[in-house]
Amino acid sequence: MTKHYRWAAAALALAFGAAGAAAASSRFEAGVLAELNHFRSDPAAYADFLRDYRPRFEGKLLIAEEGSEIDIMTNEGVAAVDEAIRDLRHEKPLPEMTWSDTLARAAADHVAAQSRSGAVGHYTNGRGPGERMKARGGGPYVNEVITYGHHSPEGVVDQLLIDDGVPGRGHRHSLLRPTHRYAGVGCGTHRVHRTMCVILMSQTPDGSPPPPSKRAGG
């Protein structure tokens, strides 16, 4: 199945500045959330889109599409793609996630820091997702995923789903978590990998503790 790149224009329109603390989403960041919700609406059907990656491999090298991203040397090659396709075929639809300004601000703060330093990972100067959320007036009950080097919302989501080289496929499982109801996205430039996107997800709009589950008959 051929994937339609509905958000190509949004990718071109992204101003990869370090306006990291802005709450309002850019067209690109809104596109990432829309693509994420597209995936969650029918993970089994979305698996067919990943097939488009298979013919682009030369060994473990993923060849960029013309005029798109750079070639990427993967860890596992097409095997990770095939595993993602098999895994997603058994998944049921998930709840849509709503944009959260608080989550987006904390995500954008991380982008602003790493765009300057060129660092990667979830921590900068000892501050992780929970600390960044608290600094923005929220709580630490969040889940964070990060991609580097992708220039389209589809590429961001697909990288997380394929999860090449990640033991346990933690990013894929994060996107499949049914308790996630809110998300914030921050994207920008990166000194080493050109671009990066941070997605923070939570059961609540500000990362506060989720309400206690109701017991049957309670």
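Student: What makes the contact between the side chains of R169 and E76 a salt bridge?

Tutor: The side chains of R169 and E76 meet at 2.7 Å, N to O. A salt bridge is a side-chain nitrogen of Lys or Arg within 4 Å of a carboxyl oxygen of Asp or Glu. The value of 2.7 Å is within 4 Å, so the pair qualifies. It links distant parts of the chain, 93 residues apart: R169 is in the loop between α7 (153-162) and α8 (170-175), and E76 is in the loop between β3 (72-73) and α4 (78-88).

Student: What should be kept in mind about the model and its numbering?

Tutor: The model is predicted: local features need pLDDT of at least 70 and side-chain atom pairs count only at pLDDT 80 or more, while totals for chains, interfaces and linings use all residues. Residues are numbered from 1 along each chain as its sequence is written, and side-chain values use heavy atoms, with hydrogens and water left out.

Student: Why is R169 called buried, and what is E76 called?

Tutor: Buried means under 20% relative accessible area, exposed means over 50%, and partly exposed is in between (1.4 Å probe, protein chains only). R169 has 8%, so R169 is buried. E76 has 27%, so E76 counts as partly exposed.

Student: How many salt bridges are there, and which residues form a network with R169?

Tutor: A search of the whole structure finds nine salt bridges. R169 is linked with E76, E83, D87 and R172 in a network of them.

Student: What do the salt bridges of R136 with D109 and of E144 with R132 tie together?

Tutor: R136 and D109 meet at 2.8 Å, N to O. R136 lies in the loop between α6 (129-135) and β5 (143-148) and D109 in helix α5, so this pair ties together parts that are 27 residues apart in sequence. At 32% R136 counts as partly exposed, whereas D109, at 18%, is buried. E144 and R132 also meet at 2.8 Å, N to O. E144 lies in strand β5 and R132 in helix α6, so that pair ties together parts that are twelve residues apart in sequence. E144 counts as buried at 7%, and R132 is buried at 2%.

Student: Why is the span of helix α5 described as close to the expected one?

Tutor: Helices (H or I, at least four residues) and strands (E, at least two) are DSSP runs, numbered from the N terminus. Helix α5 covers residues 101-117, has 17 residues and reaches 24 Å from its first C-alpha to its last. The expected span is 1.5 Å times one less than the number of residues, and for α5 that is 24 Å, so the description holds.

Student: What is found at the start of α5, and what follows the helix?

Tutor: A polar contact is a pair of N or O atoms within 3.5 Å; within protein, one must be able to donate a hydrogen and the other to accept it, and residues adjacent in sequence count only if both atoms are side-chain atoms. At the start of α5, a side-chain oxygen of S100 reaches to within 3.4 Å of the backbone nitrogen of T102. After α5 comes G118, whose phi is positive, near 80°.

Student: How do you know that α5 is largely enclosed?

Tutor: Of its 17 residues, 13 are buried, so α5 is largely enclosed by the rest of the structure. A107 is found in this helix and is buried at 0%. Contact means heavy atoms within 4.5 Å. Not counting residues up to four places away in sequence, A107 touches G184, V185, G186, V198 and L200. The C-alpha atoms of A107 and C187, 80 residues apart along the chain, are separated by 8.1 Å.

Student: Why is the pair of F39 and Y46 called edge-to-face?

Tutor: Rings of Phe, Tyr and Trp (its six-membered ring) pair if their centres lie within 6.5 Å; planes under 30 degrees apart count as stacked, over 60 as edge-to-face and the rest as tilted. The structure holds two aromatic pairs. F39 and Y46 lie 5.5 Å centre to centre with 75° between the planes, so they pair edge-to-face. Y46 and F49, at 5.2 Å and 85°, are also edge-to-face. Ring pairs link F39, Y46 and F49 into a cluster. F39 is buried at 0%, and both Y46 and F49 are buried.

Student: Where does T195 lie, and what does its side chain reach?

Tutor: T195 lies in strand β7 (residues 194-202). Its side chain reaches the backbone oxygen of H150 at 3.0 Å. At 3% relative accessibility, T195 counts as buried.
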